[in-house]
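User: I would like to go through this structure with you, one topic at a time. Could we begin with the overall picture?

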Amino acid sequence: MKHARRLVAGSLAAGALALSLTGCGDGADHTERLGPKPKATQGTPQAPAPPSASAPSDEAYRKWGLTGPVQYAPKPAQKPQIPKAAPGKVPVIDRIPVAADDKVVFLTFDDGAEKDPEFLKMAADLKLPISMFLTDSVASSDYGHFEQLRDNGSRSTINNHTLTHPNLRTLSYEAQKHQICGQQERLEKRFGQRPPLFRPPFGNYNDDTLRAASECGVSSLVMWRVSMQISNFQYAEGSALKPGDIILAHFRGPAELKGSTETQMTTRMLQRIQDQGYRIGRLEDYL
């Protein structure tokens, strides 16, 4: 598939691809999978972590079952050129256009149903730069968990994944705008910053989504080309990572990972990245 086709905004093929990669929907009823809607929580907004991040300790990788240190890509001197969106819409990005020999990939985690304290330790020890896409109906029961992930020195970020995780294609423009703007407002109130990035549930979107996201102050709609399952990657094309791949994972626990923990899944994911000789970049440094 030509590169330009991967970045065409509003493509129905992107939504179909998202479902094929099991995105946020893997055949289970979504309400049951994410659990009942919790009560909203309040907190004191805090500023994002400073630009400089401390490095993981030399022994951190061994602690979490890795055979070698995780390699991180530095912030690029110049951001890649992202194709412009049509007026009044946001661009759709499913792979960062980096050089063919720049073996960098990006970690994104969705939803927020699982809040494993061991994962907090892992992410802090390894200084994993994670772009989080949170759904209010499941994440808000403990937004403090994700605040700790954001503020652990890794420069991780918190972004928008709607209020209640609906299939946006089935909603009117106004209903979509409510889902996106509503979560923008809640995240800004809770964390002190309006998120620049948005990911549609299940990877489903249409032109109304792109217009609504723009109206809500979103700068980019972020998709993916690789998804982490329980033990291995599932690829949109081919059988290996490609430079600039955005990797989708989820905040999930043993009930959905067939007994594996979130940290075990993440260790496998990092091992697959290492085995293929890739470094991990911070998505927002490239957008």
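**Overall picture**

Analyst: The chain has 10 helices and 10 strands; helices (H or I, at least four residues) and strands (E, at least two) are DSSP runs, numbered from the N terminus. This is a predicted model, in which local features need pLDDT of at least 70 and side-chain atom pairs count only at pLDDT 80 or more, while totals for chains, interfaces and linings use all residues. Residues are numbered from 1 along each chain as its sequence is written, and side-chain values use heavy atoms, with hydrogens and water left out.

User: What share of the 287 residues is buried?

Analyst: Buried residues make up 53% of the chain. Buried means under 20% relative accessible area, exposed means over 50%, and partly exposed lies in between (1.4 Å probe, protein chains only).

User: And the accessible surface of the chain, what does that come to?

Analyst: About 12,200 Å², of which carbon and sulfur atoms hold 51%. The areas come from the Shrake-Rupley method with a 1.4 Å probe, and for residues only the protein chains shown count as cover.

User: How much of the contacts comes from residues 24 or more positions apart?

Analyst: Such residues account for 79% of the contacts in the chain with a separation of 6 or more. A contact means heavy atoms within 4.5 Å.

User: Let us turn to strand 3. Is it buried or exposed?

Analyst: Strand 3 (residues 130-134) is mostly covered, and five of its five residues are buried. I130, M132 and L134 point one way, whereas S131 and F133 point the other way.

User: Which strands does strand 3 pair with?

Analyst: Strand 2 (residues 104-111) runs parallel to strand 3 and is joined to it by five bridges. Strand 4 (residues 157-160) is also parallel to strand 3, with four bridges between them. Two strands pair if DSSP finds at least two bridges between them. Within these pairings, L107 stands opposite I130, and F133 stands opposite N159.

User: What does helix 5 make with strands 2 and 3?

Analyst: Strand 2, helix 5 (residues 117-126) and strand 3 make a right-handed β-α-β unit. Right-handed here means that, with the strands pointing away from the viewer, the path from the first strand over the helix to the second runs clockwise.

User: Next, helix 7. How many of its eight residues are buried?

Analyst: Seven of the eight residues of helix 7 (residues 143-150) are buried, so the helix is largely enclosed by the rest of the structure. The buried residues are Y143, G144, H145, F146, E147, L149 and R150. Their cover includes helix 5, strand 3, helix 6, strand 4 and helix 8.

User: Which residues touch the most other members in the largest nonpolar core?

Analyst: L270 and I273 do, in a core of 39 residues. Helix 5 gives the most to this core, with five residues. A nonpolar core is a set of buried Ala, Val, Leu, Ile, Met, Phe, Trp, Tyr and Cys residues joined through side-chain atoms within 4.5 Å.

User: What does L270 touch?

Analyst: Leaving aside residues up to four places away in sequence, L270 touches L66, V70, L107, M122, L126, L128 and I280. Apart from this core lies another, of 30 residues, among them V92, L221, W224 and Y286.

User: Changing topic: how many salt bridges does the structure hold?

Analyst: The structure holds 19 salt bridges, each being a side-chain nitrogen of Lys or Arg within 4 Å of a carboxyl oxygen of Asp or Glu. One of them joins D136 and R186 (2.6 Å, N to O). That pair links distant parts of the chain, with D136 in helix 6 (residues 136-139) and R186 in helix 8 (residues 173-191), 50 residues apart.

User: What about R252 and E256?

Analyst: Their side chains meet in a salt bridge (3.7 Å, N to O). R252 is buried, with a relative accessible area of 9%, and E256 is partly exposed, with 26%. Elsewhere, salt bridges that share partners join D94, R95, R225, E237 and D245 into one network.
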